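The sequence and structure come first.

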Amino acid sequence: MSLPLTWTLSQIQALLAGDLESWGNTSPATPSTLAQFESAGALDLAVLPRRASPLQIRACRAGVVVGDHRQAQDWRTGQKLTGASGWFLRVEDSGWALWQILDGPCRIPDNPDWLSIDEIVDRFGAQARTAMVHRNAMVGKNTWIGPGAVLHAGVRVGECCRVGEGTVLGAPGFGMLEKAGRLWPLPHWAGVTVESDVWLGPQCQVSAGLLEPTFVGQGVRLDAQVQVGHNAHIGAGSVMAGQSGLAGSVVLGEGCLVGGQAGIAEHVVLGDGCQVAAKSGVTRSWPCGTRLAGFPAIALGVWKRTIRTDRMSRNA
C-alpha cells in the first residue's frame, strides 16, 4: 500500500520551495503515490529520512526523490552507477518536507462517519454496543468485537479474529517532528492490517502506519495491554504477553515469543522464532532463533552466566 498523491510535481515543488533537478533521459514526472524510499518505484515519490545511509540513498529507485543537499550528492552517485534516470527535489529539511506532503497532497479529509449503535449490534452482537467502528473500517466474517473497542478508518481486520475489550486499532502513531521549537505530530494515514485468526486482548493499542499499514500476521496472539507502534510488522504465529510493547517500525518475525513487560526499541528486527524474556529491553536486531534476556537484551546463555558470575562475586 502507498498513499495516493493528488498534486502535480510542480505543485509539490512550490509547496516545499525546493530546487528540482533531473538525471538522465527523463520526461517531466507526475508521481502518483507517496511510498517508502526502500521500496519506491518509477511512478512513486519518496522522501529520504534523515537516517538514510549513502548506500540506501544510492539504491533508491523512486521516480522522484525528495531530500536535502547532502543526500542529493549520494543520489547523483547512485544514478551514475546504475544508469537510471529520475528527478531529485532538494529541500532544506527532508523531515519537514515529509510532514508538508502528508498534511497537503496526501491529506485524507476528516470523515467522522461511524457506524450507528444499531448497525454495530446488528453486525457484531450486543456485546459490541459500546464499541466504535468507522464506516471505512473493514471487518471479516466471524470476528468478535468487545465492548469499548475502537476501529478507526483504514483498519482492515480478517476473519475469525477477536478484538478485546477497549482495544484501539488505527489511532495515529506516536511519530513527532521537531520544527521551530515545537513537536509536530506526523499524520499517519496508512491504517492497520490484521490478518485472519488473530486474537487481541483487552486494552491493546495498534497504531496506524505512516506510509504502509501497521501489520499483524495470521494467528498472532496479543495479551492484554500490549502496545504496537506505528509501522510495526508482527509475523504470523507470534505471541506477546501482557504489557509488552513494540516501538515504531519494529519487525517481529514469525513464531516469536515476547514475555510480559518486555520492550523492543524502534527499527529493531528480530528474526523468526526469537524469544524475549519478561521485562527485557531489546535495543538492537538479532537473527532467527535467538533467545534474549536482560537490559540491554543479550543472548540468554550469556545473560545467565553474567548473573551467575555477579552473584558469585558478591558472595565471595
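How exposed is Arg221? Arg221 is partly exposed, because its relative accessible area is 29%; buried means under 20%, exposed over 50% and partly exposed in between, with a 1.4 Å probe and protein chains only.

## Basis

This is a predicted model, in which local features need pLDDT of at least 70 and side-chain atom pairs count only at pLDDT 80 or more, while totals for chains, interfaces and linings use all residues. Residues are numbered from 1 along each chain as its sequence is written, and side-chain values use heavy atoms, without hydrogens and water.

## Salt bridges

The structure holds 10 salt bridges, each a side-chain nitrogen of Lys or Arg within 4 Å of a carboxyl oxygen of Asp or Glu. In one of them, Arg221 meets Asp197 at 3.3 Å, N to O. Arg221 is in strand β20 and Asp197 in the loop between β16 and β17, 24 residues apart; helices (H or I, at least four residues) and strands (E, at least two) are DSSP runs numbered from the N terminus. Asp197 is partly exposed at 32% relative accessibility.

Asp19, Glu21, Arg76 and Arg90 are linked in a salt-bridge network.

## Helix α3

Helix α3 covers residues 69–82. Its buried residues are Gln71, Ala72, Asp74, Trp75, Gly78 and Gln79. They lie on the same side of α3, because they cover an arc of only 165 degrees around the axis, taken from the directions from the helix axis to the C-beta atoms. Lys80 and Leu81 are exposed on the other side.

The buried residues pack against β2, α2, β5, β6 and α4, where contact means heavy atoms within 4.5 Å.

How values were computed:
The expected span of a helix is 1.5 Å times one less than its number of residues.
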